[in-house]
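My plan is to look things up one at a time and jot down what I get.

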Amino acid sequence: LKELPVSDTYGLVIDKLQQRLYVYKEGHLFSTLLCSTGFPRENTPFHETPAGEYAVVSWVGDFWSDGGLFCAKGLRINKGIMIHEVPCVITTDDSGREKRDYSRCERYLGEKASHGCIRVQKEKTPQGVNAEWLWKNLSRKPVTKVIIWDELGRSLGYPDEDYPLYYNPKGGKNYHSDPNCLLVKEKYRPMTEFTWGELEEKPYSSLTPCPGCAPQLRREAIDTVNEKNTR
């Protein structure tokens with residue numbers, strides 16, 4: 001085994017149960033991102049993302065994956081596993097302009113979906129963090145430490161009923177973890193507060209979780225996560 005000095009500025013924790021990537025800055029939680037780790041099936045157990053301690057060892061860049069998926073800003077943490085932006089499908093219109101469609105994989109952020117790599121949201125968190133930010137800001141020397149936390153033997157609990165959430169009452173379709181989420185127009189920020197315990201009541205019952213600020217899941221979604229956690 002080789003010992004490496006690690007950066008004391010930024011570090012990453014990837015929680016396979018929560019399907020969240022946590023960015024720590026100088027030992028304190030800085031930002032939370034949605035991610036997708038490996039989704040193993042009976043005939044593809046090797047798609048499981050391995051838990052453990054790693055380091056960002058190389059900036060691989062863009063690459064193509066199976067199914068015609070384009071993966072940008074790949075950061076390698078071991079021989080077969082990378083952290084990269086959520087994949088997209090690239091097409092060209094009649095004028096030859098490139099178009100990138102992220103909908104195929106973006107809808108699965110927050111749950112297992114990959115072939116083993118860690119897919120990370122392209123939308124910015126309230127702190128301005130996304131896959132591109134990781135690419136630009138993680139330390140190359142000394143290396144950035146990455147901890148992948150296994151879900152084995154764990155389950156999600158419910159937040160407190162009075163846990164704060166936010167929404168835009170003037171036509172907002174999402175609920176948020178931050179009143180100043182960057183996916184909401186500035187004129188609607190800060191947003192209106194409500195509580196997790198009110199999520200199933202009108203007008204909040206029709207809201208969907210924001211793809212940028214990684215809010216708490218609904219009770220039903222938490223139950224689904226725990227039911228699927230059969231490892």
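First thing I asked: are Tyr167 and Tyr204 buried or exposed? Both Tyr167 and Tyr204 are buried (buried is under 20% relative accessible area, exposed over 50%, partly exposed in between, with a 1.4 Å probe and protein chains only).

Before going on, a note on what I'm reading. This is a predicted model, so I keep in mind that local features need pLDDT of at least 70 and side-chain atom pairs count only at pLDDT 80 or more, while totals for chains, interfaces and linings use all residues. Residues are numbered from 1 along each chain as its sequence is written, and side-chain values use heavy atoms, with hydrogens and water left out.

**Entry: the whole chain**

I got three helices and 15 strands for the chain (DSSP runs numbered from the N terminus: helices are H or I with at least four residues, strands are E with at least two). The radius of gyration is 18 Å, close to the 17 Å of the globule rule for 231 residues, so the chain is as compact as a globular protein of that length. That radius is taken over C-alpha atoms, and the rule is 2.2 Å times the number of residues to the power 0.38. Along the principal axes, the C-alpha atoms fill a box of roughly 55 × 55 × 40 Å. Buried residues make up 43% of the 231. I also looked at contacts (heavy atoms within 4.5 Å): among those between residues at least 6 apart in sequence, 60% join residues at least 24 apart.

**Entry: the sheet**

In which order do the nine strands of the open sheet run? I read 4-11-1-2-3-10-7-6-5, with mixed pairing (two strands pair if DSSP finds at least two bridges between them). Strand 4 (52-55) and strand 5 (58-65) are the edges, each pairing on one side only. Strand 5 runs antiparallel to strand 6 (residues 69-76), and six bridges join them. Trp64 stands opposite Phe70 in strand 6.

**Entry: aromatic rings**

I found eight aromatic pairs. The rings of Phe, Tyr and Trp (its six-membered ring) pair if their centres lie within 6.5 Å; planes under 30 degrees apart are stacked, over 60 edge-to-face, and the rest tilted. Phe30 and Trp133 make a tilted pair, 6.0 Å centre to centre with 35° between the planes. This pair links distant parts of the chain, as Phe30 is in strand 3 (residues 28-36) and Trp133 is in helix 2 (residues 131-137), 103 residues apart. Phe30 is partly exposed at 24% relative accessibility, while Trp133 is buried at 13%.

Back to my two tyrosines: the ring centres of Tyr167 and Tyr204 are 5.2 Å apart with planes at 90°, so I have them down as edge-to-face. Tyr167 is in strand 12 (residues 164-167) and Tyr204 is in the loop between strand 14 (192-195) and strand 15 (208-209), 37 residues apart.

Ring pairs also link Tyr10, Phe30 and Trp133 into a cluster.

**Entry: charges and one arginine**

Lys25 lies over the face of Phe30, 5.4 Å from the ring centre (the test is NZ of Lys or CZ of Arg within 6 Å of the ring centre and within 35 degrees of the ring normal). The charged end of Arg154 sits over the ring of Trp149, 3.5 Å from its centre.

Where does Arg218 lie? I found Arg218 in the loop between strand 15 and helix 3 (219-228). Arg218 counts as buried, at 15% relative accessibility. Leaving aside neighbours within four places in sequence, Arg218 has contacts including Tyr175, Trp196 and Tyr204.
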